[in-house]
Amino acid sequence: GWTMLAVLVPSSVAFFAGLTAEHLHVVTGLAPRPLALAVVVVVALLNTRAVADAARVQSATTVARVAGIAALALLALVLPPATTVLPTAPASTGSFGALLGAIVPVLWAYDGWIELTSLAGEVKSPGKTLPRALLVGTAAVTALYTLMVLGLHRALGDAGLAASRAPGEALGRAVAGDAGARSVSLLVALSTLGACLIGMLSGTRVVAALGERVPRWRALGRLSARATPDVALAVTTVGALAYQRIAGLGRLAEVFVVGAWPFYALGAVATMVLRRTQPGLARPFRTPGYPWVNVAFLLATLGMLAAF
């Protein structure tokens, strides 16, 4: 709860707000920094509405960006393949540890899998709904991510990817010139706005739960007339605005990864400890392959953190 309050929620909201602003800058020409601050405020205001209203906005942005990403990736796959290649490079001396470190940024594409669990208290039949949503959502993200990577490699080639700081825009430009680049920037902005929205929607619920359990911070658990944690939202928004002012995108990414993944590892350990210490707890979902799935996740997480 303390980590969510001080690090994870505000840093992730600030990070995705910054990405949204950078891509909106391509479309609108407005300065990225004021845009990023405005995105944080807008996302906070959307979250002051009932959770069902915020979820509808999230669902709409999800459908739009998934359809757009899938269409762009499929279009890239049917384009004539790029013919440029990188110059011959010496044999790689990279280690397995370096590979684990390189995987860390990729995990940003998948990290949303954890967010739904923070909303378990507001989900109907969580024992059935959460596992299905996690499995389907992760499979869909994996398919989209793989499809986009294949499309980028085919349309831009290794040299094009190596030379581009924004491969999506380069792909859009290859398909439809400047109009295509702006369209992709808008699509990315929509995607990161959705990530910003769900990060605050789910994260503030954990912050509110902290307030319910720590008497001195009881105000964090206060709910508005719409059953939204208004104080937790306000504190998180101030934190996100502060992160946005003092840290760049690269630093925000590092702050989030180093802050989040140790707790993912602890979660894997906690499930095993609770199975032994409290065997009588209600467990509507049994993990297939337990405990080896937990052990594999724990070892992979520790390896990535050590390499990072």
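**Inside, surface and backbone**

A search of the whole structure turns up one cavity of 30 Å³ or more. The model is predicted. The largest cavity has a volume of about 30 Å³. Its lining is made of Val104, Leu107, Val257, Trp261, Met304 and Leu305. Two elements give two or more residues each to that lining: helix H8 (249-277) and helix H9 (292-307). By class, the lining of the largest cavity holds six nonpolar residues, no polar ones and no charged ones.

Next comes open space. The second largest pocket contains about 1900 Å³. Its lining counts 46 residues. Those nearest the centre of this pocket are Trp113, Ile114, Thr117, Leu134 and Thr271. Several helices take part. H1, helix H5 (126-163), helix H6 (167-213), H8 and H9 each supply at least two residues of the lining. Which helix gives the most to the lining of the second largest pocket? H8 does, with ten residues. The lining of this pocket divides into 28 nonpolar, 14 polar and four charged residues. The lining of the largest cavity, for its part, has no polar and no charged residues.

Is Ala268 buried or exposed? Ala268 counts as buried, because its relative accessibility is 7% and the cut-off for buried is under 20%. Along the chain, Ala268 and Pro291 are 23 residues apart. Their C-alpha atoms are separated by 9.4 Å.

Pro291 itself is found in the loop between H8 and H9. A cis peptide bond joins Tyr290 and Pro291. Omega there is about 5°. Most peptide bonds are trans, and most residues other than glycine have a negative phi. Ser125 lies between helix H4 (96-106) and H5. Ser125 is not a glycine, yet its phi is positive, at about 45°.

Now turn to helix H3 (residues 51-78), where Ala71 is found. Ala64 is found in helix H3 too. Ala64 and Leu187 are 123 residues apart along the chain. In space, the C-alpha to C-alpha distance for Ala64 and Leu187 is 8.3 Å. Ala71 and Met148 are 77 residues apart along the chain. The C-alpha atoms of Ala71 and Met148 are separated by 9.6 Å. Ala64 counts as partly exposed, at 36% relative accessibility. Ala71 is also partly exposed, with a relative accessible area of 44%.

The surface comes next. Val26, Val27 and Leu186 form a nonpolar patch there. Together they have about 210 Å² of accessible area. Val26 sits in helix H1 (residues 2-28).

How many salt bridges does the structure hold? The structure holds two. One joins Glu212 and Arg213, with the closest N and O atoms 3.7 Å apart. Glu212 is exposed, with a relative accessible area of 56%. Arg213 is exposed as well, at 63%. In the other, the side chains of Asp230 and Arg222 meet at 3.8 Å, N to O. Both pairs qualify because a salt bridge needs a nitrogen within 4 Å of a carboxyl oxygen. Asp230 is partly exposed, with a relative accessible area of 27%.

Conventions: Residues are numbered from 1 along each chain as its sequence is written. This is a predicted model: local features need pLDDT of at least 70, side-chain atom pairs count only at pLDDT 80 or more; totals for chains, interfaces and linings use all residues. Side-chain values use heavy atoms; hydrogens and water are left out. Patches are made of residues with over 30% relative accessible area and no salt bridge: like charges are joined within 9 Å, nonpolar side chains (Val, Leu, Ile, Met, Phe, Trp, Tyr) within 5 Å. Accessible areas come from the Shrake-Rupley method with a 1.4 Å probe; for residues, only the protein chains shown count as cover. Helices (H or I, at least four residues) and strands (E, at least two) are DSSP runs, numbered from the N terminus. On a 1 Å grid over the protein atoms alone, a cavity is a set of points where a 1.4 Å probe fits but cannot get out, and a pocket is an open set with protein on both sides within 12 Å along at least five of seven lines; lining residues have an atom within 4 Å of a point. Grid points are joined across faces, edges and corners, and a volume is the space filled by probe spheres set on the points. Ala, Val, Leu, Ile, Met, Phe, Trp, Tyr, Cys and Pro count as nonpolar, Asp, Glu, Lys and Arg as charged, and the others, Gly among them, as polar. Buried means under 20% relative accessible area, exposed over 50%, partly exposed in between (1.4 Å probe, protein chains only).
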